[in-house]
Amino acid sequence: MALSTGCILSVCIAGAAQAADVAKAPPPPFIAPVKTYSTVVFGGFDDRRDSYYGYAGVVSALNGKIATDGFLVRVMGLYNPYKYSSTAVVGGTVDGKETAFEAMLGYQTYLPGMTARFYAGLDYEGHRLSPNNPFDRNDGDHWGVHVRGEIESPYAAKGYYNLHASYGSATQRYWIRGRAGYNFSGVILGPEGLATGNWVTNEQRVGAFVIFRSPQLLPFEISFSGGYSQTDETRGGKSAYGTVEVSVAF
């Protein structure tokens, strides 16, 4: 009986010691919660011969999580001074000022190796010409439907690609840009190609781009691109182009 009592006591003492060790164990390291972003604000500036433009916009996730599947709202505005040659006006040169606006509802889905988005909504494009050119269909205010599609590689993928395409019925404007490159730990380099136009003109581009992004700058991204542009001779012809784009997540 004494032996049994000693065994029980030994077990209790051992259990108490183990409990003390557990109590003295250091707490697990603190892990900061993953930041959740709901909105991306973006903007840019583009320049080529006889035309330059600036734009700004916002994309917001209706579920409050921009990095998950769900519905999005996209709004963007653009301002574009330009000029072109025309024998239909006195002096032979038309100075134009374009303002454009789009407001769309979209849906985003994350697939294996790809993120895809599609938008549809309102399209507006207005042109003011000096002097007035009665043969330019762009003159005045135009309203229509705007659609846009985007596919791109996962954020941290080493092999980078994206393809963005849009169409606005206001002036039958199309815009398509493709990029492919390699992610050197936050610096992405590669070639790009672009085609755009409307019912009176068109333009093609071939160039290169660099994007700067990193985990330390997760909510911020900036890209530069440049190369060769070709459009109608009356609207600048062959020239160089340059573009800078910035986006910030909140």
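Guide: Partly exposed means a relative accessible area between the buried limit, under 20%, and the exposed limit, over 50%. The model discussed here is predicted.

Visitor: Is Arg128 buried, partly exposed or exposed?
Guide: Buried needs under 20%, and exposed needs over 50%. Arg128 has a relative accessible area of 46%. Arg128 is therefore partly exposed.

Visitor: Which residue does the side chain of Arg128 meet in a salt bridge?
Guide: The N to O distance of the pair is 2.9 Å. The cut-off is 4 Å. The partner of Arg128 is Asp141.

Visitor: How many residues apart in sequence are the parts tied together by Arg48 and Glu203?
Guide: The side chains of Arg48 and Glu203 meet in a salt bridge, at 3.3 Å from N to O. Arg48 lies in strand β1 and Glu203 in strand β10, so the pair ties together parts whose separation in sequence is 155 residues.

Visitor: Is Glu203 buried or exposed?
Guide: The limit for buried is under 20%. Glu203 has a relative accessible area of 8%. Glu203 is therefore buried.

Visitor: Which residues are linked with Arg48 and Glu203 in a network of salt bridges?
Guide: The structure holds 14 salt bridges. Arg48 and Glu203 belong to a network of them.

Visitor: Where does Asp136 lie?
Guide: The side chain of Asp136 meets that of Arg235 in a salt bridge, at 3.7 Å from N to O. Arg235 lies in the loop between β11 and β12. Asp136 lies in the loop between β5 and β6.

Technical notes. Residues numbered from 1 in each chain as written. Predicted model: local features only at pLDDT ≥ 70, side-chain atom pairs only at ≥ 80, totals over all residues. Heavy atoms only, no water. Helix = DSSP H or I, 4+ residues; strand = E, 2+ residues; numbered from the N terminus. Buried < 20%, exposed > 50% of the residue type's maximum accessible area, 1.4 Å probe, protein only.
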